[in-house]
Amino acid sequence: MSRQGTFRSAILDPAQPVPPALLDGQGGPAGRRFSVYRNNVTASLIEALEQTFPVIRKLIGPQAFASVAGAYLRAHPPDSPVLSRYGAGFPDYLGQCEPLAHLGYLPDTARLERALVDSYHAADAAPVDPSIFAQTPPEDLPRLRLRLAPATRLLRSPWPIHGIWRFNTEEGAPQPPHQAQDVLVTRPDFDPLPRPLPTGGAEFLTAIATGLALGEAMDRAAETAPAFDLSPLLGLLLQDNAITDATLDEAP
Amino acid sequence: MLDQTPVNTLPHTPGVGYKPQHYSAIMADPGPVRWLEVHAENYMGDGGRPIAQLRHLAERFPVSVHGVGLSIGGEGRLDPDHLARLRHICDWLQPASFSEHLAWSSHDNAFLNDLLPLPYTDATLTRVCEHIDALQEAIARPMLLENPSSYLAYAESTWEETDFLAEIARRTGCGLLLDVNNVFISATNLGFSPQGYIDAFPLDRVGEIHLAGHDTDADDHGRPLLIDSHGREVDEPVWALLDHTLARSGPRPSLVEWDNDVPDWPTLAAEASRAAAALSKVPA
């Protein structure tokens with residue numbers, strides 16, 4: 001193995017010996033001086049994961065978090081120096097972690113935290129002029145195609161992940177409800193904002209994101225929620241600057 | 001080799017490493033601080049608050065971009081995606097200076113997030129110079145290369161660090177970033193004279209000076225082992241080493257780094273005031 005290959009392995013695996021021919025400056029072996037690098041790498045990458053997943057850390061406690069994050073970084077060190085992106089595989093890893101198996105909501109809660117950081121760093125985009133909806137004749141509205149802002153994220157979960165996130169980040173927040181929650185993340189200005197979606201909302205937004213027109217997206221929502229009402233959701237999307245474009249298809 | 005002088009356009013005044021929690025304070029009253037340094041890798045998202053704040057800061061202050069993740073000393077080739085990201089930030093920000101480290105941090109697709117040491121051999125010298133040539137071409141400007149803080153030494157090293165850095169600067173045309181805290185740490189840990197290191201350093205190539213705090217640990221034999229923690233005030237011997245350096249180099253852009261346990265703005269500004277005082281004692 002190359003010199004740096006040996007060094008890398010010994011940093012990530014504390015059971016390995018200190019690489020050979022490293023000295024203390026006086027001709028003696030480096031010994032525990034090598035652990036400075038082991039500590040720096042481990043502590044700084046655990047800290048990077050703590051910054052992206054603070055709710056997971058709160059849910060399982062700092063010690064358990066450091067333990068699972070340490071195991072994760074040894075198995076999956078970052079592949080890029082842009083550490084705000086690190087941990088894309090951490091939610092799945094939590095799901096495979098046997099000692100945490102009884103906390104079934106952890107992976108989806110982690111996915112929500114990962115999505116919030118992604119949204120925070122996503123590209124800026126000017127919101128659409130909301131008057132386009134008033135100016136479009138009602139009979140043409142089904143043919144509008146909306147573009148969502150790059151900072152928008154959609155999460156679907158059988159767990160109340162919005163309630164869990166809120167309960168652990170907001171003083172005096174209510175107990176999470178006993179129900180599944182789909183979550184929309186928007187970024188009105190610079191701070192990502194997660195909101196629970198009504199039934200049918202996720203189907204509607206998935207259809208919009210894949211390029212379907214408003215009418216088709218309404219049909220998708222109605223398959224799940226026959227009484228789906230677009231107005232409140234559309235109002236929120238506009239209020240949160242989550243729509244960046246609305247164009248009318250040519251008449252059929 | 002770039003056919004350009006290794007200097008940059010940073011003023012010969014105090015700067016600080018920028019932390020987002022100081023944004024409002026800096027914009028309201030920067031005190032003695034005349035320029036800012038940011039870590040390149042913290043501004044590689046597509047948009048949002050970090051980029052917006054950096055744009056605002058750059059309208060008010062000269063900005064130095066300091067890379068901490070390129071792995072210039074890596075055995076493999078430089079990451080082309082990361083080179084492209086560095087080119088992008090230099091293109092849109094047009095920083096007053098760009099700097100990186102004499103270190104490696106990535107190997108075999110793993111980024112270890114630390115500045116890891118290199119053996120000072122002819123082979124390392126060739127590889128580092130090739131990587132600096134590639135970087136300077138990618139960002140279309142000369143860079144400053146920073147001396148490392150060392151906790152150990154390689155048995156196979158055949159060069160003194162100061163000669164090694166001077167030769168890299170000569171071959172590539174890059175400038176140097178002299179971190180006097182790193183000098184003090186390495187000198188203590190490896191048992192050489194920090195003043196002697198400064199006296200052997202090619203000070204004419206120095207485009208920037210770094211100052212930071214360190215922690216004290218011990219090695220297997222109970223000898224002091226200083227850790228480059230960037231988590232407290234600059235230590236007294238490091239201020240003395242700054243005076244020793246400035247007396248020989250003349251004024252240089254001098255930056256206080258405080259990256260962990262980040263203090264409130266007045267505390268950091270007080271460190272910058274001390275750097276200002278040191279600079280004011282030196283004839284231009």
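Predicted model: local features only at pLDDT ≥ 70, side-chain atom pairs only at ≥ 80, totals over all residues.
Residues are numbered from 1 along each chain as its sequence is written, and chains are lettered from A and ligands numbered from 1 in the order in which they are written.

Strand E4 (residues 183-186) of chain A pairs with E5(A) in the antiparallel sense, over 4 bridges. Strands (E, at least two residues) and helices (H or I, at least four) are DSSP runs numbered from the N terminus, and two strands pair if DSSP finds at least two bridges between them. A:Val185 has A:Pro194 in E5(A) as its bridge partner. Both strands belong to an open, antiparallel sheet of 3 strands in the order E3-E4-E5 (chain A). Strand E3 (153-155) and strand E5 (193-196) of chain A form the edges, each pairing on one side only.

Between the chains, 38 residues of chain A are in contact with 35 residues of chain B, contact meaning that C-beta atoms, placed from the backbone, lie within 7 Å. Elements of chain B that each supply at least two residues to the side touching chain A include helix H2 (49-60), helix H6 (180-190) and strand E12 (224-227). The largest share of that side, 6 residues, comes from E6(B).

Strand pairing also links the two chains: strand E1 (residues 22-23) of chain A and E8(B) are antiparallel over 2 bridges. Here A:Leu23 stands opposite B:Ala153 in E8(B).

Definitions and conventions: Contact = placed C-beta atoms within 7 Å.
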